[in-house]
Amino acid sequence: IIETTTKATFDYLRMNYLMLMMVDHHVHYHVIPRYATSKHFYDLEWKDNGWPVLPLLSDNQHFAIQKIKQSLINNILSS
């Protein structure tokens, strides 16, 4: 469900799963869609500056998180 919904929303090239436990004191996964080229979403340009190696977790591209969340919800409900 995660990959199908995210693919329909963002058309990623690869998916990375990271299991972390640093700031949040419980084990959790980060699901990160990866891109070889920049993508446009809600009139914003998204770049995967870590491609093709590790994702750059310090990149701050979180300014449209509510729009992204709503798009994922819409796609999961339609599948």
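Student: Is Asp11 buried, partly exposed or exposed?

Tutor: Asp11 counts as partly exposed, because its relative accessibility is 44% and the partly exposed class lies between under 20% for buried and over 50% for exposed. Keep in mind that this is a predicted model.

Student: What can a charged side chain pair with?

Tutor: Side chains of opposite charge can pair when their charged atoms come close. In this structure, the side chains of Lys7 and Asp11 meet in a salt bridge, at 3.5 Å from N to O. Lys7 is partly exposed, with 37% relative accessibility.

Student: Which other residue forms a salt bridge with Asp11?

Tutor: Lys39 does, and the closest N and O atoms of that pair are 3.9 Å apart.

Student: How many salt bridges does a search of the whole structure find?

Tutor: The search finds three. One of them is formed by Asp48 and Arg34, with the closest N and O atoms 2.5 Å apart. Asp48 lies in the loop between strand 4 (44–46) and helix 2 (65–78), while Arg34 is in strand 2, so this pair ties together parts that are 14 residues apart in sequence.

Student: Are Asp48 and Arg34 buried or exposed?

Tutor: Both residues are buried, which means that each has under 20% relative accessible area.

Student: Which residues do salt bridges with shared partners join into one network?

Tutor: The network consists of Lys7, Asp11 and Lys39.

Student: Now the nonpolar side of the surface. Which residues form the nonpolar patch?

Tutor: The patch is made of Ile2, Tyr17, Met19, Met21, Val27, Tyr29 and Val31, and together they have about 700 Å² of accessible area.

Student: Which strands each supply at least two residues of the patch?

Tutor: Strand 1 (14–20) and strand 2 (28–34) do. Tyr17, for example, lies in strand 1.

Conventions. Residues numbered from 1 in each chain as written. Predicted model: local features only at pLDDT ≥ 70, side-chain atom pairs only at ≥ 80, totals over all residues. Heavy atoms only, no water. Patch = residues over 30% accessible without salt bridge, like charges linked within 9 Å, V, L, I, M, F, W, Y side chains within 5 Å. Areas by Shrake-Rupley, 256 points an atom, 1.4 Å probe, with all protein chains shown as cover. Salt bridge = Lys/Arg side-chain N within 4 Å of Asp/Glu carboxyl O. Helix = DSSP H or I, 4+ residues; strand = E, 2+ residues; numbered from the N terminus. Buried < 20%, exposed > 50% of the residue type's maximum accessible area, 1.4 Å probe, protein only.
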